[in-house]
Amino acid sequence: MAAAGSGFEDPPADVLAQAAAAFGLLASPARLHIVWALAQGESDVTGLAERVGGALPAVSQHLTKLKLAGLVRSRREGRRQVYYVDDPDIVDVVRLMMGRLADRAAPPRRRLHGL
């Protein structure tokens, strides 16, 4: 089904539902921070808890939800479980949104007169 005059096809209902679920998970500041941190590099739950300032059990629960949704993955390294974002598209979306919002929050630059 095409949107009137746009030339773009509307996505199927199941794709819209999946996207809404992913955005819903990322609507939590704690989970968004975790995905942001993992977009910078992999980490175990202890490192993530220290970085995002969350309690270990809470960060672990957030990671479980993100894993179930397919937004993060993990692998075992000895006794540690190491988490990472394996989807470059998710990383791109998060970085784009955070970058745009950071740009908006930055004070406007003053123009130098006479240059």
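Me: Why does Arg 75 count as partly exposed?

Reply: In this predicted model, Arg 75 has a relative accessibility of 30%. Buried requires a value under 20% and exposed a value over 50%, so Arg 75 at 30% counts as partly exposed.

Me: What makes the contact between Arg 75 and Glu 42 a salt bridge?

Reply: The side chains of Arg 75 and Glu 42 meet at 2.6 Å, N to O. The criterion is a side-chain nitrogen of Lys or Arg within 4 Å of a carboxyl oxygen of Asp or Glu, and the pair therefore qualifies as a salt bridge. Arg 75 belongs to strand S2 (residues 73–77), and Glu 42 to the loop between helix H2 (29–40) and strand S1 (43–44), so the pair ties together parts that are 33 residues apart in sequence.

Me: Is Glu 42 buried, partly exposed or exposed, and how do you know?

Reply: Glu 42 has 44% relative accessibility.

Me: What makes Glu 77 and Arg 80 a salt bridge, and which residues are joined into one network?

Reply: The closest N and O atoms of Glu 77 and Arg 80 are 3.1 Å apart, which is within 4 Å, so the pair is a salt bridge. Glu 77 is partly exposed, with a relative accessible area of 33%, and Arg 80 is partly exposed at 38%. Through salt bridges that share partners, Glu 42, Asp 44, Arg 75, Glu 77 and Arg 80 are joined into one network. The structure holds 5 salt bridges.

Me: Why is Leu 26 called buried?

Reply: Leu 26 has a relative accessible area of 12%. The limit for a buried residue is under 20%, and Leu 26 is therefore buried. Leu 26 lies in helix H1.

Me: How do you know which residues Leu 26 touches beyond four places in sequence?

Reply: Contact requires heavy atoms within 4.5 Å. Leaving out residues up to four places away in sequence, Leu 26 touches Leu 32, Val 35, Leu 71 and Val 94. The C-alpha atoms of Leu 26 and Leu 66 are 8.8 Å apart in space, although these residues are 40 apart in sequence.

Me: What makes His 62 buried, and where does this residue lie?

Reply: His 62 has 18% relative accessibility. This value is under 20%, so His 62 counts as buried. His 62 has its place in helix H4. Apart from neighbours within four places in sequence, His 62 is in contact with Ser 28, Ala 30, Arg 31 and Ile 34. From His 62 to Ser 28 the C-alpha distance is 9.4 Å, across 34 residues of sequence.

Me: How many nonpolar, polar and charged residues line the largest pocket, and which residues are they?

Reply: The lining has 9 nonpolar, no polar and no charged residues. The lining residues are Phe 23, Leu 26, Ala 27, Leu 32, Val 93, Val 94, Met 97, Met 98 and Leu 101. Helix H1 (13–26) and H5 are the elements that give two or more residues to this lining, and H5 gives the most, with 5 residues. The volume of the largest pocket is about 150 Å³.

Me: Which residues have the most contacts inside the largest nonpolar core, and which elements build it?

Reply: The largest nonpolar core has 20 residues, and Ile 34, Leu 38 and Leu 63 have the most contacts inside it. Two or more residues come from each of H1, H2, helix H3 (45–52), helix H4 (56–68) and H5. The largest share of this core, 5 residues, is from H2. Beyond neighbours within four places in sequence, the contacts of Leu 38 include Ser 43, Leu 48, Leu 63 and Tyr 83.

How values were computed. Residues are numbered from 1 along each chain as its sequence is written. This is a predicted model: local features need pLDDT of at least 70, side-chain atom pairs count only at pLDDT 80 or more; totals for chains, interfaces and linings use all residues. Side-chain values use heavy atoms; hydrogens and water are left out. Helices (H or I, at least four residues) and strands (E, at least two) are DSSP runs, numbered from the N terminus. Buried means under 20% relative accessible area, exposed over 50%, partly exposed in between (1.4 Å probe, protein chains only). On a 1 Å grid over the protein atoms alone, a cavity is a set of points where a 1.4 Å probe fits but cannot get out, and a pocket is an open set with protein on both sides within 12 Å along at least five of seven lines; lining residues have an atom within 4 Å of a point. Grid points are joined across faces, edges and corners, and a volume is the space filled by probe spheres set on the points. Ala, Val, Leu, Ile, Met, Phe, Trp, Tyr, Cys and Pro count as nonpolar, Asp, Glu, Lys and Arg as charged, and the others, Gly among them, as polar. A nonpolar core is a set of buried Ala, Val, Leu, Ile, Met, Phe, Trp, Tyr and Cys residues joined through side-chain atoms within 4.5 Å.
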